[in-house]
Amino acid sequence: MGRGRVELKRIENKINRQVTFSKRRNGLLKKAHELSVLCDAEVALIIFSSRGKLYDYGSSGIAKTLERYQQSSSTPQENSIQRETQSWYQEFAKLKAKYESLQSTQRHLLGEDLGPLSVKELQSLEKQLEGALQLARQRKTQILTEEMEDLRKKERHLGDINQQLKIKLNEEGHTLKAIQNLWGSSSAAGNSNFHLHPSHQVNHMECQPEPFLQIGYHHYAASDQGTSAPKSMAGEANFFPAGWALSTPPFKF
């Protein structure tokens, strides 16, 4: 008499369920191992119990098998996105490694974290520092030389401007001096013409006698020489010089 067919349904008895799970789990893991060994197949098995405990098996590793599964089961577009993502991840890893290397080199150049370095690495670091120092000095010398040349050019330019201004100032000074000399000679000539011009000189010896008005009592008395003179002036004949008399010049219009 053969075994009856077992109905597949949830085992209600908790102990029987746990014993059945343990037996069948071990048998399944054994079969997966046998399949991978006998048939050279890549097998991955993942089991979670009712309590959440994980049981797994992977002939080539669970992660590698899952990655291969995702690549095989996804669409071409998803594969392209996945490859691009993986490429970006690899690029990020390279940049991160390079950044860490540069940070380490910078710390070494600043004299930090020198303990792990060997003698050869320290000698190489010393050569790098000497080369960097030499380049820095050369660049500093070049900058100072360029600045000095610029200052010389500015000095020459200012000297030329100063010379031009000096020449212009001398020319203006000569012009002003010539104007002053011309003005002085013109003033002197004007004064000489005003005071010493022959047409303005008066020769008193050549003036003709003109009639004059006598003031006083006109009483003529006979003098000793037989000429008549005013009586009022007779007593004053010795006081006034000959030829002098009080007179008013005629008015000329």
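Glu149, Arg152 and Arg156 form a linked network of salt bridges, where a salt bridge is a side-chain nitrogen of Lys or Arg within 4 Å of a carboxyl oxygen of Asp or Glu. The model is predicted, so that local features need pLDDT of at least 70 and side-chain atom pairs count only at pLDDT 80 or more, while totals for chains, interfaces and linings use all residues. Residues are numbered from 1 along each chain as its sequence is written, and side-chain values use heavy atoms, with hydrogens and water left out.

**Exercise 1.** Characterise the pair Glu149 and Arg152.

*Solution.*
Step 1. The N to O distance of this salt bridge is 3.7 Å.
Step 2. Both residues belong to helix H4 (residues 119–196), where a spacing of three residues is about one turn of the helix; helices (H or I, at least four residues) are DSSP runs numbered from the N terminus.
Step 3. Glu149 has 34% relative accessibility and Arg152 has 38%; each is partly exposed, the class between buried (under 20% relative accessible area) and exposed (over 50%), with a 1.4 Å probe and protein chains only.

**Exercise 2.** Determine whether Arg10 and Glu12, joined by a salt bridge, are buried or exposed.

*Solution.*
Step 1. Their N to O distance is 3.5 Å.
Step 2. Arg10 has a relative accessible area of 53% and is exposed.
Step 3. Glu12, at 62%, is likewise exposed.

**Exercise 3.** Describe the salt bridge between Arg107 and Asp113.

*Solution.*
Step 1. The side chains meet at 2.8 Å, N to O.
Step 2. Arg107 is partly exposed at 30%, and Asp113 is partly exposed at 44%.

Definitions and conventions
Helix = DSSP H or I, 4+ residues; strand = E, 2+ residues; numbered from the N terminus.
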